[in-house]
Amino acid sequence: MPPDVPSFPALLRPGHIASSRRCLTALPASQTEMDASRLGLVYYCFGSIDLLCAMEEIPDSNKEAWREWIWEQQQTKSETGSGFRTGTFMTPATPEQTEAEQTPSYANYDSPHIIMTYVALLILAMLRDDFSRLDRRGIVKFLGSCQRPDGSFTTVPRDAEQDLRTLYCAFAICSLLDDWSGIDVERALTFVESCRTYEGGYGQSSFCEGHGGITYIALASIYLAPPEYSKHHLTPAQKAETTRWLLNLQHESGGFCGRTNKEADACYCFWSSAALKILGAGNLFDSTRMAEYLASCQFKFGGIAKVPGETSDPYHTYLSLAALALYPPDLDESDANAATWKLDPLDVLINARESTAAWARQYIPGPRS
Ligand SMILES: [Zn+2]
């Protein structure tokens with residue numbers, strides 16, 4: 001083939017960067033419900049920009065404003081410990097109100113949230129914050145307040161709802177803090193094991209259907225735990241069973257689906273392929289076909305959609321790029337589009353660019369006190 005003739009579609013980087021930057025300031029109407037979890041939205045947008053190595057395109061003053069806004073979401077007044085809240089939609093409108101209403105009893109209704117605390121730490125690392133304002137001890141206390149007697153975690157203390165996503169966020173935070181003292185790791189891992197299904201996948205809780213996203217969450221939690229808990233690692237037979245189940249989630253389109261016999265969806269390309277990476281089985285599926293599927297999910301005005309032909313959103317954009325950072329398509333260097341697919345590597349257990357996860361691990365633990 002003569003050089004400069006592309007045999008593979010391009011990753012539309014400028015469009016994905018522009019779309020992610022746009023969603024940081026103005027959400028499309030289809031995404032407005034995400035505003036209630038604004039920190040999550042900011043994580044997906046900055047995460048995409050970070051993986052595309054475009055953080056330097058954001059002016060320093062803008063980064064500074066974002067750092068300040070995220071620190072404003074740190075809630076340190078709650079009796080159950082410290083962490084980050086979902087965003088500003090629940091908080092008082094004026095500084096005077098803030099002063100008057102930030103009593104411990106008020107703060108219990110404006111609680112930190114485990115998932116938002118995990119994403120806040122990573123956004124601050126993407127923005128290269130020094131974490132000097134982090135209430136580390138308060139976070140350790142907060143994680144303990146969210147653990148239930150069966151080992152699972154709720155997103156906020158005293159809540160009834162729990163699932164494995166929350167447990168994973170607690171584990172990722174402990175790993176970044178390098179402090180597991182606030183939680184019962186053994187009990188948590190026993191809970192993870194109770195979520196394993198007969199197929200080799202993991203469900204939201206015991207006796208639930210196996211799910212690609214939850215299987216990533218379960219495996220990442222098991223392998224993030226400190227070395228003294230390695231007895232919970234999968235046995236060779238379990239690894240083979242889980243690998244087989246995950247490989248069967250790859251759809252004929254090249255994309256992955258999240259559950260047995262479902263249609264492909266861009267986000268499951270990350271969840272399932274990342275789970276395979278954790279198991280050391282990332283070479284057993286056709287990753288170039290997966291990239292081809294994700295290329296077909298690209299939206300003409302930027303961002304990546306759940307399926308081809310739909311409108312993009314920050315969640316599917318980030319997770320598609322994260323999958324591609326783990327598995328760049330195997331293209332010949334002479335292909336004119338090869339360079340568009342080069343992304344920075346991803347820390348598969350923390351789910352952030354490797355250099356960002358390394359920054360977090362360096363600055364979050366802080367001085368022991
Ligand atoms: Zn999806």
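Buried means under 20% relative accessible area. By that cut-off Arg353 counts as buried, because its relative accessibility is 15%. This is a predicted model. The protein has 15 helices and four strands. Its radius of gyration is 21 Å, close to the 21 Å that the globule rule gives for 369 residues, so the protein is as compact as a globular protein of that length.

**Overall dimensions and surface**

- The C-alpha trace spans about 70 × 50 × 35 Å along the principal axes of the protein.
- Of the 369 residues, 57% are buried.
- The accessible surface of the protein comes to about 15800 Å². Carbon and sulfur atoms account for 52% of that area.
- Take the contacts between residues at least 6 apart in sequence: 68% of them join residues at least 24 apart.

**Charge**

- The protein carries 31 positive and 45 negative side chains.
- The centres of these two sets lie 2 Å apart.
- Across the whole structure, a search finds 11 salt bridges.

**The Asp50–Arg353 salt bridge**

- Asp50 and Arg353 meet through their side chains in a salt bridge, at 2.8 Å from N to O.
- Which elements hold the two partners? Asp50 lies in helix α2 (residues 38-51), and Arg353 lies in strand β4 (residues 352-353). The pair therefore ties together parts that are 303 residues apart in sequence.
- Is Asp50 buried or exposed? Asp50 counts as buried, because its relative accessibility is 2%.

**The Arg67–Glu64 salt bridge**

- Arg67 forms a salt bridge with Glu64. Their closest N and O atoms are 2.7 Å apart.
- Both residues lie in helix α3 (residues 60-72). They are three residues apart, about one turn of the helix.
- Arg67 counts as buried, because its relative accessibility is 16%.
- Glu64 has 35% relative accessibility, so Glu64 counts as partly exposed.

- Asp163 is buried, since its relative accessible area is 9%.
- Arg165 counts as partly exposed, because its relative accessibility is 40%.
- Elsewhere, salt bridges that share partners join Asp50, Asp344 and Arg353 into one network.

**Around Pro314**

- Where does Pro314 lie? Pro314 lies in helix α14 (residues 314-326).
- Pro314 is buried, because its relative accessible area is 6%, and buried means under 20%.
- Which residues is Pro314 in contact with, leaving aside its neighbours within four places in sequence? They are Cys23, Gln31, Leu41, Tyr44 and Cys45.
- Pro314 and Leu27 are 287 residues apart in sequence. In space, their C-alpha atoms are 9.6 Å apart.
- Helix α2 covers residues 38-51, and the contacts of Pro314 include Leu41, Tyr44 and Cys45.

Definitions and conventions:
Residues numbered from 1 in each chain as written. Predicted model: local features only at pLDDT ≥ 70, side-chain atom pairs only at ≥ 80, totals over all residues. Heavy atoms only, no water. Helix = DSSP H or I, 4+ residues; strand = E, 2+ residues; numbered from the N terminus. Rg over C-alpha atoms; globule rule 2.2 N^0.38 Å. Buried < 20%, exposed > 50% of the residue type's maximum accessible area, 1.4 Å probe, protein only. Contact = heavy atoms within 4.5 Å. Areas by Shrake-Rupley, 256 points an atom, 1.4 Å probe, with all protein chains shown as cover. Lys, Arg positive; Asp, Glu negative; His and termini not counted. Charge placed at Lys NZ, Arg CZ, Asp CG, Glu CD. Salt bridge = Lys/Arg side-chain N within 4 Å of Asp/Glu carboxyl O.
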